[in-house]
Amino acid sequence: AASTLKMQTVLVKDQTTLESLESSLENFEGYFEGVKNVLKNKHRLPGVLDVVSNLFTVKNGYEISLDSLLNAISQNVVVDSIQNAKNAVKFLKENKYGRATFIPLDDVSSRNLTRDELNQISKFEGISPALSIIEFNKELEPLFQHLLGRNLVAQNMDVAVDFYEKTRIKTKIATLDGDILQPGTISGGTRNKKGLISKRKEMDVLRENIKENKHNLLLSQEK
């Protein structure tokens with residue numbers, strides 16, 4: 001009985017947290033004003049797909065790295081063409097709806113790691129290309145090659161620095177806790193706010209937990 005009560009308490013807590021996160025995303029909390037207005041009016045704007053952060057999923061444990069690598073880019077709005085990006089900017093201007101950055105799919109260029117660079121990366125423990133830890137629809141490959149094709153993820157800053165000092169490969173590297181190393185700069189410290197990618201990941205994990213707890217509760221009641 002005690003374990004059933006504990007499961008029920010956890011279930012209610014998870015459901016409450018999930019509802020709160022879903023409601024904050026539905027109300028576009030955490031989005032820039034212009035981006036919020038574009039998403040709210042998507043039905044009126046041809047060619048608008050979504051913001052970058054909603055177009056891929058990330059492996060468990062890597063969400064903070066991706067929040068760091070993309071940073072404000074995670075709120076860039078992906079559109080199918082330069083013409084439709086131009087229309088959307090015009091819409092924001094005419095309605096005084098704030099600003100947004102658009103990425104037209106007909107104008108993205110791939111940024112790739114060379115075969116030699118990939119070969120060097122494979123020799124280091126705890127370093128992965130950013131593209132290997134996310135999943136997205138095949139037709140969006142050029143977009144993610146463009147955004148993350150030359151980015152890496154490292155277990156921690158020691159691994160990142162060791163890799164960079166030994167290879168001198170010019171890339172942007174994020175650690176699991178969101179610090180960044182790139183040629184000429186290192187940035188890091190503590191994060192007080194969750195990024196959109198971390199929020200979405202938290203929601204996915206909560207949904208899984210809720211499903212599992214409901215199943216376990218059913219089983220315990222059947223005994």
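S7, helix H7 (residues 157–167) and S8 form a β-α-β unit of right-handed sense. The model is predicted: local features need pLDDT of at least 70, side-chain atom pairs count only at pLDDT 80 or more, and totals for chains, interfaces and linings use all residues. Residues are numbered from 1 along each chain as its sequence is written, and side-chain values use heavy atoms, with hydrogens and water left out.

**Exercise 1. Describe the strand pairing and the side-chain directions of S7.**

Step 1. Helices (H or I, at least four residues) and strands (E, at least two) are DSSP runs, numbered from the N terminus. Two strands pair if DSSP finds at least two bridges between them.

Step 2. Take the partners in turn. Strand S5 (residues 127–129) is antiparallel to S7, with three bridges; Ser128 stands opposite Val153 in S7. Strand S8 (residues 172–175) runs parallel to S7 and is joined to it by four bridges. Lys172 in S8 is the bridge partner of Asn151.

Step 3. Assign the handedness. S7, H7 and S8 make a right-handed unit; a crossover has this hand if, with the strands pointing away from the viewer, the path from the first strand over the helix to the second runs clockwise.

Step 4. Sort the side chains of S7 (residues 151–154). Asn151 and Val153 point one way, Leu152 and Ala154 the other way, and all are buried (under 20% relative accessible area; exposed is over 50%, partly exposed in between; 1.4 Å probe, protein chains only).

**Exercise 2. Characterise the salt bridges Lys90–Glu94, Glu141–Lys138 and Arg207–Asp204.**

Step 1. Apply the criterion: a side-chain nitrogen of Lys or Arg within 4 Å of a carboxyl oxygen of Asp or Glu. The structure holds six salt bridges.

Step 2. For Lys90 and Glu94, the closest N and O atoms are 3.7 Å apart. The two residues are separated by about one helical turn because they are four residues apart in helix H4 (residues 82–94). Lys90 is exposed at 51% relative accessible area, and Glu94 is exposed at 56%.

Step 3. For Glu141 and Lys138, the closest N and O atoms are 2.4 Å apart. Glu141 is partly exposed at 28%, whereas Lys138 is exposed at 63%.

Step 4. For Arg207 and Asp204, the N to O distance is 3.3 Å. Both lie in helix H8, three residues apart, so about one helical turn separates them. Arg207 is partly exposed at 36%, and Asp204 is partly exposed at 35%. Salt bridges with shared partners join Glu22, Asp204 and Arg207 into one network.

**Exercise 3. Classify the aromatic pair of Phe124 and Phe163 and locate its members.**

Step 1. Rings of Phe, Tyr and Trp (its six-membered ring) pair if their centres lie within 6.5 Å; planes under 30 degrees apart count as stacked, over 60 as edge-to-face and the rest as tilted. The structure holds five aromatic pairs.

Step 2. The centres of Phe124 and Phe163 are 5.0 Å apart with 85 degrees between the planes, an edge-to-face pair.

Step 3. The pair links distant parts of the chain, 39 residues apart: Phe124 is in the loop between helix H5 (115–122) and S5, and Phe163 is in helix H7. Phe163 is buried, with a relative accessible area of 0%.

Step 4. Phe56, Phe136 and Phe144 form one aromatic cluster.
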